[in-house]
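This report goes through the structure shown below, with attention to charged pairs, nonpolar packing and model confidence.

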Amino acid sequence: MATKITDNTIDYIAALAKLELTDDERRRAAEDMEKMLDYIHILEELDTAGMAPAFHIFPVENVFREDQVTNGEGREETLRNAPVEEDHMFVVPRTVD
C-alpha cells in the first residue's frame with residue numbers, strides 16, 4: 001500500500017518546522033515520508049496479540065550512585081587552577097553594574 005504525500009502536506013510540515021525547502025528538497029522529503037508511512041503500514045500488519053506492552057527493550061534499573069556528603073575537600077586543588085584567588089575564592093571580573 002503506497003502512501004502519497006501531497007504538496008500541501010509538505011508545505012504544512014515545512015511551515016511548522018520553519019523551513020524553506022527547494023523543489024528538490026520538497027521532492028526528497030515527500031519520498032522519505034512516504035517510505036516511513038509505508039513501513040508503519042507493514043508494522044501494523046504484525047500480529048501482536050498476547051505480547052506484553054514494552055516501554056523499554058532492556059530492563060530499567062537505577063544506575064545512579066548513592067550521594068555522599070563531603071565537606072568541600074579539594075578546595076586547595078581547585079583554587080590552584082584559578083588565575084586570581086582571594087580569601088579561598090575565585091576572583092572574577094564584575095559582570096553587573
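## Charged pairs and nonpolar groups

Asp24 and Arg28 are separated by about one helical turn, because they stand 4 residues apart in helix H2. The two side chains form a salt bridge, with 3.6 Å between the closest N and O atoms. Asp24 counts as partly exposed, at 38% relative accessibility, and Arg28 is likewise partly exposed, at 41%.

The model is a predicted one. Its average pLDDT is 88, and 98% of the residues score at least 70. Confidence is highest in H1, at 96, and lowest in helix H3 (residues 75-79), at a mean of 85. Where pLDDT is low, the predicted coordinates should not be read in detail.

Arg27 and Glu31 are both in helix H2, 4 residues apart, or about one turn of the helix. Their closest N and O atoms are 2.9 Å apart, and the pair forms a salt bridge. Arg27 is partly exposed, with 42% relative accessibility, and Glu31 is partly exposed as well, with a relative accessible area of 35%. Through shared partners, salt bridges join Asp24, Arg27, Arg28 and Glu31 into one network.

How many salt bridges does a search of the whole structure find? The search finds 6. Side chains of opposite charge can pair when their charged atoms come close.

| Salt bridge | N to O distance |
|---|---|
| Asp24 and Arg28 | 3.6 Å |
| Arg27 and Glu31 | 2.9 Å |
| Lys4 and Glu34 | 3.8 Å |

The side chains of Lys4 and Glu34 meet in a salt bridge at 3.8 Å, N to O. Glu34 counts as buried, because its 16% relative accessibility is under 20%.

The largest nonpolar core has 5 residues, namely Ile5, Ile10, Ala29, Ala30 and Met33. Helix H2 gives the largest share of this core, with 3 residues. Which residues does Met33 touch, leaving aside those up to four places away in sequence? They are Ile5, Ile10 and Ile13.

Ile13 is partly exposed, because its relative accessible area of 35% falls between the 20% and 50% cut-offs. The C-alpha atoms of Ile13 and Asp23 are separated by 15 Å, the two residues being 10 apart along the chain.

On the surface, Tyr39, Ile42, Leu43 and Leu46 form a nonpolar patch. Together these residues have about 410 Å² of accessible area. Tyr39 lies in helix H2, which spans residues 23-44.

Methods:
Residues are numbered from 1 along each chain as its sequence is written. This is a predicted model: local features need pLDDT of at least 70, side-chain atom pairs count only at pLDDT 80 or more; totals for chains, interfaces and linings use all residues. Side-chain values use heavy atoms; hydrogens and water are left out. Patches are made of residues with over 30% relative accessible area and no salt bridge: like charges are joined within 9 Å, nonpolar side chains (Val, Leu, Ile, Met, Phe, Trp, Tyr) within 5 Å. Accessible areas come from the Shrake-Rupley method with a 1.4 Å probe; for residues, only the protein chains shown count as cover. A salt bridge is a side-chain nitrogen of Lys or Arg within 4 Å of a carboxyl oxygen of Asp or Glu. Helices (H or I, at least four residues) and strands (E, at least two) are DSSP runs, numbered from the N terminus. A nonpolar core is a set of buried Ala, Val, Leu, Ile, Met, Phe, Trp, Tyr and Cys residues joined through side-chain atoms within 4.5 Å. Buried means under 20% relative accessible area, exposed over 50%, partly exposed in between (1.4 Å probe, protein chains only). Contact means heavy atoms within 4.5 Å. pLDDT is the predictor's confidence in each residue, from 0 to 100.
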